[in-house]
Amino acid sequence: MDENGDKIIQSVFLDIDKHIKAEKENRELSDKIAASNALLRVSMENTNICDFTYYPDEKLCVMPKRTSEVYGCKDKYDNMPIDFAEEYIDKSYYEDYYRMYNDIHRGEKISVSIFKAKDRDLWCRVTLSTVRFDEEGNPKLVVGIVEDVTKEKSTEIQNVELNAISEFMIRSDYEFLSIVDLEKQQYSIKYSSLENSFSRPISYKNQINDRLRDDWIYEEDRDEYRKQMSLDNILNKLNSEKEMLNVYFRSNQNPPRHKECRICYFENHKKILITLRDIQDMIQKEENNKIALKEAYESAARANEAKSEFLSRMSHDIRTPMNAIFGMTSIAKNNLNDPDKILECLDKITISSDHLLNLINEVLDMSKIESGKLSLTSEKINLLHLVEDAITIISPDISKKHQNLSLDTSGVTHSDVISDSLRLRQVFLNILSNSMKYTPEGGNIELKVNEVKSTLEGYGRYEFIFKDDGIGMNEEFINKIFAPFERADDSRINKVHGTGLGMAITKSIVDLMSGDIVVESKKGRGSKFTVIVNMKLQDASEIYNKRFIDKNILVLSDDNNFVNNIKNILEEIGLNVESISSKEKLLFILDKIKNKDKSYFNIIVDWEYKDVNSVDDIKNIIKITNNKTPITVYYNGKWTNKENEAKLAGVSMFSSKPVVKSRVLYQLDYFLKNEVDKENKNGNIKVNLSTKRILLVEDNELNMEVAKELLKITKVNVDTAENGKVAYEKIKNTSPNYYDLVFMDIQMPVMNGYEATKKIRGLDREDVKSLPIIAMTANAFLEDIRAAKDAGLNEHIAKPLSIETFVNTMEKYIKDRR
């Protein structure tokens, strides 16, 4: 009303257009949020992602039903974040969880925290996002998203925990490591060859029972592997106070390889750690060591066994010739009035003595080899003559077994070399002897000598090929044929005498000569030995600068080329050469020789000559010459058994065609050097040393008697002394030059030979300085020879002594004395 009391109507017009629009926008925004939330919830229905709402002012948290059901929490918390943390979160993660809410309260738009649920194997990632702030910027409404990140976090933790182990494994020899979750019975694996992290978890049981076993476990090991690698077995053994379990198997590779699994508890017995490594190299090394030890043991055992067998065999082999010696001696005593019987017994005693001496020499040689004291000498030799000497020595035994021996030396150009003739002959005889022993009667033995160009200047490379069709050897024995004391285990050769040392000695000699020996053999098909040696060639101008003036040579051949070649060589050095090609002239010349109207230094026979082509023809020529003219036979091709018979009949030397100057000259030189009375070879030595006097020093009465008897042949005057002291006194108390030579035994009582020689040389007299003193001893080693030289002895001769040894030594030292 107004002042007058009248009703007044007032109207106010306001512009609310903006307000209406704002309300409309708010309703639309709310609808959009609601729609978005609805869409979010629908999209999260089939995931482990859930939402919740947080009101910061009231510290109120509202959990939708799905969130509560999925994560097992309440639907509302009045004191956030404390109530939720105490109920749901592991204390270890409180700090980070509170930090997230503090970020939001400080005005952060978004904040994230990851935590582990209390007493549960559950990991959650919570993301808070502020959707409304007040005018001062404080959060008014916050939406939360929670995710289950258990798998992700578990893998991350595993990788962190195993990082050190994994790095170690990669740097070491392990192929992979595996973590087995005992609760889930699943395992993850990491290979050292790959840089990626652990594989996804796989069922342990299925893998062990099926795929692993079939894919890469060797078939024979699969059942055992499955048994050993079962969780029940692993836990049972680890729980029985066993810190580490080892399982071994072979992989399904070609060839299989040995593997080792090492298994132990991990992470407070919640898991087990399995590592795998390849131990093939280690196993192989251990096996090699075991094999080496076993071989060493077996080798030592074999050596001991072989030595025992050797001693037993040696006892038998030594007793055999000794029995013959004793037996023949008794027979001779009982036939004193029968000279022929006595001579037969003496011949057999000589054969048995030689056999016994050979046995002893082999043992001594082996002793030298084992002590590293076997040595070689260098001397000028003719190789072909050396081969023929070996053939001559073995020929009687070959003939007894009716074996066929062939020799082919046509491949040799230079026969004059420098080597050790004794040791080389020993090699030839050892191999030939074996061929003879182990080849049946009527079998064949071949020796072929080849010369090939050597890579060494001034040397020839020679191949000596020994071949037979005997019983042969198996592969096992070939591998040990050069071992000392070894003999093949074969009933066919049990009666063959031998020490089992021959081939060991042969190999050692060839090795000393820097050569090689190759063995090829098949059981029942024979054997082939090839000896290869480089030998220094002689200077022909030094060797054959000889004069044979006035020497007559007779050549029997109807081959003009052969005759002319011989003539050209021999007439060049001053020899008179006469050739015969007809039977009439041959008979005429033989008659002249028989009547001593003609004589020849050497008769050369062409084996192809029709008038002299049999052993009987050769024997007839030898008989006519009274066995005083050397016969040389030239042949084509191989030396057959017939030629071998000819050599036994008395042929001095064989040589293969074509004619080689060096061979011809060497043969003549050999004959010139050995131009001695044939009677000397039969023991009728014509040496007169009646004007000489020697002192024989020997402590053994029987040896003294034998030596005196042998020396009687030379008519030398002999004084004796029973030990070194007596010998010293005798020389000391005699006038100068009273003795021309002293034979000094070494091992004697009172004073040995070395001491006696030193005292004799120490006398204050000039004659004893040059007095020949010869060591006469059974000590035949190289060191014994050196010791004799060092003590002042002139020479060393080994017992047993022969007439020839005494005569040669005395002629060498006292023939021109005084």
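**View 1. Asp558 and Lys610 join their side chains in a salt bridge (3.5 Å, N to O).** Here, a salt bridge is a side-chain nitrogen of Lys or Arg within 4 Å of a carboxyl oxygen of Asp or Glu. Asp558 sits in the loop between strand S20 (552-556) and helix H17 (560-572), and Lys610 in the loop between strand S22 (602-606) and helix H19 (615-624), so the pair ties together parts 52 residues apart in sequence. Helices (H or I, at least four residues) and strands (E, at least two) are DSSP runs, numbered from the N terminus. This is a predicted model: local features need pLDDT of at least 70, side-chain atom pairs count only at pLDDT 80 or more, and totals for chains, interfaces and linings use all residues. Residues are numbered from 1 along each chain as its sequence is written, and side-chain values use heavy atoms, leaving out hydrogens and water.

**View 2. Arg250 and Asp221 meet through their side chains in another salt bridge (2.9 Å, N to O).** This pair links distant parts of the chain, 29 residues apart: Arg250 is in strand S10 (residues 245-250), while Asp221 is in the loop between helix H7 (204-216) and helix H8 (222-228). Asp221 is buried at 14% relative accessible area, whereas Arg250 is partly exposed at 24% (buried means under 20%, exposed over 50%, partly exposed in between; 1.4 Å probe, protein chains only).

**View 3. Six strands form an open sheet in the order S3-S2-S1-S6-S5-S4, with antiparallel pairing.** Strands pair if DSSP finds at least two bridges between them. At the edges, strand S3 (76-77) and strand S4 (110-116) each pair on one side only. Within the sheet, Tyr54 has Val142 in S6 as its bridge partner.
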